[in-house]
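Hello,

Here is the structure I promised to pass on.

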Amino acid sequence: MEDFFDLYRKDRWPTIFCPGCGVGTVMNCFYRAFSELDIDQDRVVFVSGVGCSSRIPGYIRADSIHTTHGRALAVATGLSLSNPDLKVIVFTGDGDLGAIGGNHFIHSSRRNADMTVFCINNNIYGMTGGQASTTTPHRAFSTTTPYGNMEFPFDLAELAVTAGANYVARWTVRNVKELIGSMRKALVKNGFSFVEVASPCPTGFGRRNKMGDPKQMYEWLKIKSVRKEKSEFWNMDPVDLNISGQITIGEFVDRNRPSLGSMLKSMMNNE
Ligand SMILES: Cc1ncc(C[n+]2csc(CCOP(=O)(O)OP(=O)(O)O)c2C)c(N)n1
Ligand code: SF4
């Protein structure tokens, strides 16, 4: 790819993203990763659900399907099975993937369905004004938890590892180098590859939780993130993990289980 605007639909700019939102950073990291690989843009299909994070494919010059909220992975599974030559890339949010689409997430990981999923986890439903999602921290405030969240959040990366995904990593929007590296790896991996990005939503989450301006939210991500190698909490009781308020970052799995598409092919060939 020659330059930035070969990938983006410049005519759709400016984007809908609020000032200080992390979604734009993820989009630019994706550009870096994608442009360093030799992937034919005509063979790529982007899939998304609904949410601010899910708007990314709308800005990319390639075929895309904007599905209903939560159904991106179901559509992506159908696409990759019906045409194994396609490279299927999903952009999603923690609400889209972990809440309404939670079942598709678990089963796409378990099936090792052929797709790359980038989830922007901003701990909230950003687009609809700040309702609690499945990754809203315990005791955090949102429009639906005005007295603090009484529930405990999902660890999306850990869920994907446990369910069977081939590649899983998590970074924050501050770790751009590592994030680009993981995106590159995920894009060339067979089977289900998953990169979660912890990202600020100053409008829907930061404001309500008195986290300061976007710069302070970026600082908060730095303070809260701990590399997997140094983490006392990785692979422990999820309640401990969530009480610590820690974001464990790193690569969590890189393996080569047979993918759903490859299993289907070998069964059809009676192998
Ligand atoms: C079936 C259905 N239910 C609810 C909605 C309303 N809705 C749109 S986006 C959204 C949540 C988006 O949150 P997330 O996926 O975390 O993305 P973000 O906006 O935070 O990036 C909801 C509940 C919808 N569009 N369709
Ligand atoms: S509402 Fe939140 S996630 Fe959506 S664009 Fe604004 S800052 Fe970003």
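A word on classes before the ligands: Ala, Val, Leu, Ile, Met, Phe, Trp, Tyr, Cys and Pro count as nonpolar, Asp, Glu, Lys and Arg as charged, and the others, Gly among them, as polar. This is a predicted model, in which local features need pLDDT of at least 70 and side-chain atom pairs count only at pLDDT 80 or more, while totals for chains, interfaces and linings use all residues. Residues are numbered from 1 along each chain as its sequence is written, and chains are lettered from A and ligands numbered from 1 in the order in which they are written.

Ligand 2 has a shell of 8 nonpolar, 4 polar and no charged residues. Among them are F17, C18, N122, M127 and C201 (a residue belongs here if its C-beta atom, placed from the backbone, lies within 6 Å of the ligand). Helix 8 (residues 202-206) provides the largest share, 3 residues; helices are DSSP runs of H or I with at least four residues, strands are runs of E with at least two, and both are numbered from the N terminus.

Around ligand 1 there are 19 residues, of which G51, G93, G95, D96 and G126 come nearest. Two or more residues each come from helix 4 (94-99) and strand 5 (124-125), and helix 4 gives the most, with 3. By class, this shell has 7 nonpolar, 10 polar and 2 charged residues.

Finally, I223 sits in helix 9 (residues 214-224). I223 counts as exposed because it has 10 other C-beta atoms within 10 Å (exposed is 12 or fewer, buried 20 or more, partly exposed in between, with C-beta atoms placed from the backbone).

Best wishes
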